[in-house]
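Work through the exercises below with the sequence and the model at hand. Each task is followed by a stepwise solution.

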Amino acid sequence: EKKLIILALESSCDETSAAVLKNGREVLSNIVSSQIDLHKKFGGVVPEVASRKHVENISYVIDEALDKANVSFKDIDLIGVTYGPGLVGALLVGLSTAKALAYSLDKPLVGVNHIEGHIYANFIEHKNLEPPFICLIVSGGHTHLVYMKDYGVYEVLGKTRDDAAGEAFDKVARAIGLGYPGGPIIDKLSKKGNKNAINFPRTYLENDSLDFSFSGLKSAVLNYLNNSKMKGISIIKEDVAASFQQAVIDVLVDKTILAAKRCGVDTIVIAGGVAANSGLRQLLKERTEKNNFKLMFPPISLCTDNAAMIGCAAYYDYINGYSADMYLNAIPNLKI
Ligand code: KG4
Ligand code: ZN
């Protein structure tokens, strides 16, 4: 089997990233330049600011990735890049760069769906993982339950009808005054709080639905904070954080287990920024053990946005016969 060296780029949101991989699962380098500090003062990602920063950073990030992997452009066999979903201006920076590289090096180009990329983070970490399995993808922009039947073959079993799980974490954190991004801060605070202190709503929707909804929970937390303020009651941030987090993960875990039972698979994987959440990992661990499912998740560095996961997805797409041409465009609302 021929060995393939892949250069992958990711710029869909607020991380500029480049990675070099060998044959899909071996990461030679994975450089991530985060813009979090830049967006912090706005309490969220500002699209135009993000695009400009990607333009400034991308060639440095690529140089560093090549350097660290000890390869040069002439060693690259394949270029992989995120082409959606994401912020259009941000996506275009990675995409235009990838196209220019593919054209000038005369190498194939593969466009990768960012949500698919998150799933593939698991293939890097778990060398023996093979489909079929159920994947819960939970990030700042997405909450999806996906049945991955084979490489490139997905069935979306459910997704959020309003806010993504990570978005709920970020909005609640902002309301409590915790800063951005809220997920990791709420996770940390929750460890010191009582998760049963406040009974926030769990939204299960129709009986057999695998869809999610987090906007009602978000409103319930905001109402709780406003009511406490009006009544002059001081809140315990740790308890609000822990009770909110528990309400999110109860629903995520219940529906993930239900999906695995319904599809008759024995493996559950999680992916995306919220998959870094320690409460979610712990509860899933307990519930998968009880139900005899295997549970896998990526290390935290591969949960949040990075180009290595995009490179892994690009490899499997390519060996399965997909590649793009120079007409490949950014698709901000690309579906899996
Ligand atoms: O996958 P990601 O880096 O970007 C998107 O594609 O959206 O996910 C970022 C999201 C943010 O909403 C952040 O608050 C959340 O993941 N997040 C967490 C944790 N770490 C990151 N949420 C809960 N607990 C965490 N430990
Ligand atoms: Zn992401």
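**Exercise 1.** In which loop is asparagine 292 found?

Solution. Asparagine 292 is found between helix H9 (278-290) and strand S10 (294-296). Helices (H or I, at least four residues) and strands (E, at least two) are DSSP runs, numbered from the N terminus. Residues are numbered from 1 along each chain as its sequence is written, and chains are lettered from A and ligands numbered from 1 in the order in which they are written. This is a predicted model, in which local features need pLDDT of at least 70 and side-chain atom pairs count only at pLDDT 80 or more, while totals for chains, interfaces and linings use all residues.

**Exercise 2.** Describe the backbone and the exposure of asparagine 292 and asparagine 23.

Solution. Start with phi. Most residues other than glycine have a negative phi. Asparagine 292 has a positive phi of about 60°, and asparagine 23 has a positive phi of about 50°. Then count C-beta atoms, placed from the backbone: 20 or more others within 10 Å make a residue buried, 12 or fewer exposed, and anything in between partly exposed. Asparagine 292 has 7 such neighbours, so it counts as exposed. Asparagine 23 has 14, and therefore counts as partly exposed.

**Exercise 3.** Which residues come nearest to ligand 1, and which element gives the most to its shell?

Solution. A residue belongs to the surroundings if its C-beta atom, placed from the backbone, lies within 6 Å of the molecule. Of the 19 residues around ligand 1, Gly140, Gly166, Gly183, Gly273 and Asn277 come nearest. Helix H5 (165-176) and helix H6 (182-190) are the elements that give two or more residues to this shell. H6 gives the most, with four residues. Finally, consider domains, whose bounds come from an automatic or database domain assignment. The shell draws at least three residues from each of domain 1 (5-120 + 303-319) and domain 2 (131-300).
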